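Hi,

Here is the structure I promised to pass on. My notes on it follow below; please have a look at both when you get a moment.

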Amino acid sequence: MRYLLVAGAVLISPAVSAQDAPGRTVQVMGTGVVQTVPDIALLDIYLRGEGATPDAATIAIAAKQKAVREGLTELLGPGNDLTAGNVTIIEARGSTCADARGYGSQPRLSIGDCAVSGFIATMQTRLKTRAVSKAATAAGLASRLGASDARVQGFALSDPNAAQARANTAAIAVAAERAAALASGASLRLGPIVSIRDQASYDIVVSAVAAPPAPAAPPAPRVSPVTIDMKPEPIDTRAQVFVTYAIAP
């Protein structure tokens, strides 16, 4: 490493004056990883309603949506974010409406075996909640209240910038240790930091859920959920920095 630090000076042409010669520096890379317990849980909940008419199917799914929303609010308390999207209402036909390539492979006339026998409404909802420890229990309760599919999809941080700041600090500390070791091995003395450049991290999940207000005495739940313990793993936040130090004279 001593050779690497001195080689730059050796490459300077004698014709270049000392005033024009570039300053001696050493650049090091530092990486840091910090772990943060997630405070946001993400759930995907799918609802399905069936009926002989479009109205019957939508009435059925609206009733399930209301039951799931109210039940989760009772379990988790206020301050959750429940959104809905991907609503579809499709015609349903009997099992005899098929060809060699399978049901729905090409358009059918709604007659005979392919007459419309009903309608199916589906809806995908996503729940963001700060009640992380109750996330699995919430998935089970949603299923009991009519969801056709409920699952805990993952976890996130409400303030990823704070975690990133800690990771940056850790990475800079590692860079300082490496720079000191290099300078010591080359019998040189480190000067001040000349520049710092970071490499953006791509694994940060940003999520926002309103902070819950002061808890009030919850009403007795209409449906007693089955408690499932939930303890997610900490989320890793990484940082990588490139720090350039001057070599002191």
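Setting aside neighbours within four places in sequence, Leu72 is in contact (heavy atoms within 4.5 Å) with Ile45, Gly77, Leu127, Ala138 and Leu141. This is a predicted model, where local features need pLDDT of at least 70, side-chain atom pairs count only at pLDDT 80 or more, and totals for chains, interfaces and linings use all residues. Residues are numbered from 1 along each chain as its sequence is written, and side-chain values use heavy atoms, with hydrogens and water left out.

Helices (H or I, at least four residues) and strands (E, at least two) are DSSP runs, numbered from the N terminus. After H2 comes Gly77, with a positive phi near 85 degrees.

Now the cores: a nonpolar core is a set of buried Ala, Val, Leu, Ile, Met, Phe, Trp, Tyr and Cys residues joined through side-chain atoms within 4.5 Å. The largest has 23 residues, and Leu72 is among those with the most contacts inside it. S2, H2, S4 and H3 each give two or more residues to this core, and H2 gives the most, with six. A second, separate core of twelve residues includes Val26, Ala167, Ala239 and Ile247.

On confidence, the mean pLDDT (the predictor's confidence in each residue, from 0 to 100) is 81, and 78% of residues reach 70 or more. Over residues 1-21 the pLDDT is below 50.

Best wishes

Note on methods:
Buried < 20%, exposed > 50% of the residue type's maximum accessible area, 1.4 Å probe, protein only.
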